[in-house]
Amino acid sequence: MNLDHLAIFVDLAETLNFRKTAYRKNISQPAVSQAITSVENEIGVQLFKRSRSGVTITAKGKSFYENIKPMLNTYHKSVQEVRLTDNEQTMLTIGLTASPYEETFIPSFIPEFQKRNPNVKIFLQNYDHVQLKRQLFNGDCDLIFTTKDDVNNDLNITYTPVLNGYFVAIIPVNNELSKKKNINLSELEDQSLILLDNNWCPPEQLRLQEIIRKEHGNKYISYVNNVGTANMMSKSGLGITLCPNFIYGRKNQYVTPVKINYDVDLSYGIASIAGNKEELILALAKLLRIKLKDNNLKCI
């Protein structure tokens, strides 16, 4: 199958607009149509529905997209890796959810690791929790930053802890609860809550959210599809969101993190497939622990 045609399919699945895809791929709209028709004819499945109101992706098209995009990424990564081998370099692909805390420590941590390991070329890839583990299994990521409960039951995964933590409520400063040192779950009743959808929740956070949902009903609960949006909404005074303390970023004037009285052991660290670049990953984990002890990078 033509890789360029597959790349055009992936782009159209994301834009749902022939004109935008043509512009982004620097080709004509008829060329986009021809590429999509070629892919549909080859696999014998309709991927998109065209109408006067626009383009929609079919259920089979969505399934094909979810499987093909990681394969294309793996292809491009393999090409890069082969080229680096000629230069005696090693490629290390790190998967993350780009949480506020990761956005704080990664720019400080990666340059030092790169300095100590000049022959290692690093790539960062951003996914939700569900995709993150999938990318690790299919080899698109060499390691991922994640929580222990997200990978705890998989014998094929090596997990290296970096931080231990607890759940906090991220509370707008104009809310009286922001003045407390810790709160009980019962105190969240009748509060506007901003929770994460399933794809962005590791198991323990999802369990906590379900406890809250069952106690409160759906009266004041909103769901968002990533942690950055949840934090932005909370900073804007739109409600309280929840997360492990190692997800929250730097302290700011808009919200206050308050510890939740909820008994659970949380751990944040590095997950990798057993046997894959173990020496390099252990060196990365060791340096990361050292860096996270720095005053500027401590969890709240």
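Predicted model: local features only at pLDDT ≥ 70, side-chain atom pairs only at ≥ 80, totals over all residues.
**Entry 1**

**Entry 2: helix H2**

I began with helix H2, residues 18-25, and asked which of its residues are exposed. Arg19 and Tyr23 are exposed. On the other side of H2 from that pair, I found Phe18, Thr21 and Ala22 buried. A reminder to myself: an α-helix has 3.6 residues a turn, so residues three or four places apart point the same way.

Next I looked up what covers the buried residues of H2. The cover includes helix H1 (3-15) and helix H3 (29-43), along with strand S1 (48-51) and strand S2 (54-57).

I also checked both ends of the helix. At the start of H2, Asn17 brings a side-chain oxygen to within 2.9 Å of the backbone nitrogen of Arg19. Just after H2, Asn26 has a positive phi of about 60 degrees.

**Entry 3: the whole chain**

I stepped back for an overview. I count 10 helices and 13 strands in the chain. Its C-alpha trace spans about 60 × 55 × 35 Å along the principal axes. The chain has 300 residues, of which 44% count as buried. I then took the contacts between residues at least 6 apart in sequence, and 74% of them join residues at least 24 apart.

**Entry 4: nonpolar cores**

Which residues have the most contacts inside the largest nonpolar core? I noted Leu92, Phe105, Phe113, Phe145, Leu242, Ile270 and Leu284, in a core of 57 residues. Helix H10 (residues 278-292) gives the most to this core, with 7 residues. There is a second, separate core of 19 residues, and Ala13, Ile36, Val39 and Leu72 are among its members.

**Entry 5**

I traced an open sheet of 5 strands in the order S4-S3-S5-S13-S6, and its pairing is mixed. Strand S4 (120-126) and strand S6 (157-165) are at the edges with a single partner strand each, so one side of each has no neighbour in the sheet. From one strand to the next, the twist averages 25 degrees.

Inside this sheet, strand S3 (residues 90-96) and strand S5 (residues 143-147) run parallel and are joined by 2 bridges. Gly95 stands opposite Ile144 in S5. Helix H5 (residues 100-116) packs on the sheet and touches S3, S4, S5, S6 and strand S13 (266-273). The direction of H5 makes about 170 degrees with that of S4.

**Entry 6: the sheet of 6 strands and strand S7**

Another open sheet has 6 strands in the order S8-S12-S7-S11-S9-S10, also with mixed pairing. Strand S8 (182-183) and strand S10 (221-224) are the edge strands, each pairing on one side only.

Why is strand S7 (residues 167-172) described as largely enclosed by the rest of the structure? The reason is that 6 of its 6 residues are buried. Phe167, Ala169 and Ile171 are buried on one side, and Val168, Ile170 and Pro172 are buried on the other.

For partners, I found S7 antiparallel to strand S11 (residues 240-244) over 4 bridges, with Val168 opposite Cys243. S7 is also antiparallel to strand S12 (residues 255-260), over 5 bridges, and there Pro172 has Val255 as its bridge partner. S8 and S12 pair in the parallel sense over 2 bridges, and Asn182 stands opposite Lys259.

Helix H9 (residues 227-235) lies across S7, strand S9 (193-196), S10, S11 and S12. H9 runs at about 170 degrees to S9.

**Entry 7: Asn175**

Is Asn175 buried or exposed? Asn175 is buried, because its relative accessible area is 15% and the cut-off for buried is under 20%. Apart from neighbours within four places in sequence, Asn175 is in contact with Gln191 and Ile240.

Note on methods
Residues numbered from 1 in each chain as written. Heavy atoms only, no water. Buried < 20%, exposed > 50% of the residue type's maximum accessible area, 1.4 Å probe, protein only. Contact = heavy atoms within 4.5 Å. Polar contact = N/O pair within 3.5 Å; in protein donor to acceptor, adjacent residues only side chain to side chain. Core = buried A, V, L, I, M, F, W, Y, C linked by side-chain atoms within 4.5 Å. Pairing = 2+ DSSP bridges. Axes fitted to C-alpha atoms, helices over the stretch in contact; angles between N-to-C directions.
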